[in-house]
Amino acid sequence: MKVSTALCSAALGVGLGTLLLPGAALADTTVSPATTPVGGTVVLTATTCNPKSGDAIFRVTGPNRDQNVRSTTAAAGGGLSAELFTAGFTLGTYTVAATCGDGSSAGTATFAVTPIGGAPAGSGGDNSDTGALAAGGTLLGTALAGAVILIRRRRPVSTVA
């Protein structure tokens, strides 16, 4: 493999890792509580959405739902939030994907709907962006390992007579 080809591959890996890591690390959507009985209320929050950029859209999908919830309410800790009443929801796990008014993704979270008198309410959302973080870290690590191998190959080999 030519050195220039290897260097281009390493640069591409570093570039992709750099692009993937910040977006995934900053995207943050939470659902509180993470477990609620049928007829309970959960608060959906997209902390990275700027209220000045427009409404946040929370897409709720699950066993019997595929609906959008629009939010214009500024959250206390920053971002935008909305309340979702779970009357009529089927028992199960639901996924919430948030999109900010500027079109950027604010991440995903999940919550569970339990029977009335079921499990106690949880403490917050589940941020599922670890896959993008792992991919970015893997690309970055692979690029660095390739660079180390190239540097070692370019050193002149000393000969002993």
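A disulfide is a pair of cysteine sulfur atoms within 2.5 Å. Keep that in mind for the first close-up below. This is a predicted model, in which local features need pLDDT of at least 70 and side-chain atom pairs count only at pLDDT 80 or more, while totals for chains, interfaces and linings use all residues. Residues are numbered from 1 along each chain as its sequence is written, and side-chain values use heavy atoms, with hydrogens and water left out.

**View 1. The disulfide between Cys 49 and Cys 100.** The count by this rule is one disulfide, and Cys 49 and Cys 100 form it, with an S to S distance of 2.1 Å. Because Cys 49 sits in the loop between S3 and S4 and Cys 100 in the loop between S8 and S9, the pair ties together parts that are 51 residues apart in sequence. Strands here are DSSP runs (E, at least two residues), numbered from the N terminus. The torsion about the S-S bond is about -85°, so the disulfide is left-handed. Cys 49 counts as buried because its relative accessibility is 2%, and Cys 100 is buried too, at 6%. (Buried means under 20% relative accessible area, exposed over 50% and partly exposed in between, with a 1.4 Å probe and protein chains only.)

**View 2. The open sheet of four strands.** Here the strand order is S1-S3-S7-S6, with antiparallel pairing; two strands pair if DSSP finds at least two bridges between them. At the edges are S1 (29–32) and S6 (73–74), each pairing on one side only. Four bridges link S1 to S3: look for Val 31 with its partner Leu 44, and for Thr 29 with its partner Ala 46. S3 and S7 are joined by six bridges, and Leu 44 stands opposite Ala 82 there.

**View 3. The hairpin of S4 and S5.** These two strands form a hairpin with two residues between them. Their antiparallel pairing spans seven bridges, and Ile 57 faces Arg 70 of S5 across the pair.

**View 4. Ser 71 and its surroundings.** Ser 71 belongs to S5 (residues 65–71) and counts as buried because its relative accessibility is 1%. Its side chain reaches the backbone nitrogen of Thr 73 at 3.3 Å, and a polar atom of that Ser 71 side chain lies 2.4 Å from the backbone oxygen of Ser 81. (A polar contact is a pair of N or O atoms within 3.5 Å; within protein, one must be able to donate a hydrogen and the other to accept it, and residues adjacent in sequence count only if both atoms are side-chain atoms.) Beyond its neighbours within four places in sequence, Ser 71 is in contact with Asp 55, Ala 56, Phe 58, Leu 80, Ser 81 and Ala 82, where contact means heavy atoms within 4.5 Å.

**View 5. The largest nonpolar core.** This core has 21 residues, and those with the most contacts inside it are Leu 44, Phe 58, Val 60, Leu 84 and Phe 111. At least two core residues come from each of S3 (41–46), S4 (56–62), S7 (80–85), S8 (92–99) and S9 (105–114). S9 supplies the largest share, four residues. (A nonpolar core is a set of buried Ala, Val, Leu, Ile, Met, Phe, Trp, Tyr and Cys residues joined through side-chain atoms within 4.5 Å.)

**View 6. The cis peptide bond at Pro 33.** Ser 32 and Pro 33 are joined by a cis peptide bond, with omega about 0°. Pro 33 itself is found in the loop between S1 and S2 (35–37).
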